[in-house]
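These notes are for a colleague who has not looked at this structure before. They begin with the pockets and then turn to the helices and the confidence of the model.

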Amino acid sequence: FSPCFFSTETSSSSPVEVQQTKQRRRRRAPTMSITENIPSYKEFVHRYSVLSLYRHYLKEIRLMPYNQMDLREQVKREFKANKTVNDSFNVQRALTEGKRRLSELQQFTGSNNKYEGDSWLNTQDEEDPR
């Protein structure tokens, strides 16, 4: 190290020179091709369906009276395990299996029966002549 490192003397450079030096030191952001990160339509639809399935799982888990953390971790593990699947057959199999398990979870929580029974559109009010 040099002895002037601990020196308290001020530099003789003007503030303008210091500002120019700082500007020269800035690194430019790496330039990327615009089309490099844009997925194809098929990739976009696949990503949308997987994320939609994952969000549905999280919504259903919130309705569970107990073991919410365990279920959330299990779903997270399953999705991470199938993240690297590239084979179209195995991708479809994993999505189908996920949808089947989601419907089982919905039946267990009772949230899939929202639209069964009498519809409010078909009700007749005796006081309403329409």
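1. The lining of the largest pocket is made up of 15 nonpolar, 5 polar and 9 charged residues. Here Ala, Val, Leu, Ile, Met, Phe, Trp, Tyr, Cys and Pro count as nonpolar, Asp, Glu, Lys and Arg as charged, and the others, Gly among them, as polar. There are 29 lining residues, and Val50, Val75, Glu78, Phe79 and Asn82 lie nearest the centre of the pocket. Two or more lining residues come from each of helix 2 (41-62), helix 3 (68-81) and helix 4 (88-109). Helix 4 provides the largest share, 10 residues. The volume of this pocket is about 930 Å³.

2. On the terms: a pocket is an open set of points on a 1 Å grid over the protein atoms alone, where a 1.4 Å probe fits, with protein on both sides within 12 Å along at least five of seven lines; lining residues have an atom within 4 Å of a point. Grid points are joined across faces, edges and corners, and the volume is the space filled by probe spheres set on them. Helices (H or I, at least four residues) and strands (E, at least two) are DSSP runs, numbered from the N terminus.

3. The model is predicted, so local features need pLDDT of at least 70 and side-chain atom pairs count only at pLDDT 80 or more, while totals for chains, interfaces and linings use all residues. Residues are numbered from 1 along each chain as its sequence is written, and side-chain values use heavy atoms, with hydrogens and water left out.

4. The second largest pocket has a volume of about 310 Å³. Its lining has 13 residues, with Lys42, His46, Val91, Gln92 and Leu95 nearest the centre. By class, 4 are nonpolar, 6 polar and 3 charged. Helix 2 and helix 4 each supply at least two of the lining residues, and helix 4 gives the most, 6 residues.

5. The chain has 4 helices and 0 strands, in the order α-α-α-α along the sequence. Of its 130 residues, 11% are buried (under 20% relative accessible area, against over 50% for exposed and partly exposed in between; 1.4 Å probe, protein chains only).

6. Helix 2 has 22 residues and spans 32 Å from its first C-alpha to its last, close to the 32 Å expected at 1.5 Å a residue; the expected span is 1.5 Å times one less than the number of residues. Its buried residues are Ser52, Leu53, Tyr57, Glu60 and Ile61. Helix 3 and helix 4 are among what covers them.

7. Leaving aside neighbours within four places in sequence, Gln106 is in contact (heavy atoms within 4.5 Å) with Glu60, Ser111 and Asn112.

8. Asn67 lies in the loop between helix 2 and helix 3. Its phi is near 60°, a positive value in a residue other than glycine. At 44% relative accessibility, Asn67 is partly exposed.

9. Confidence is lowest in helix 1 (residues 15-25), at a mean of 60, and highest in helix 3, at 95. Over residues 1-9 pLDDT stays under 50, and the model has 1 contact beyond four places in sequence for them.

Key
pLDDT is the predictor's confidence in each residue, from 0 to 100.
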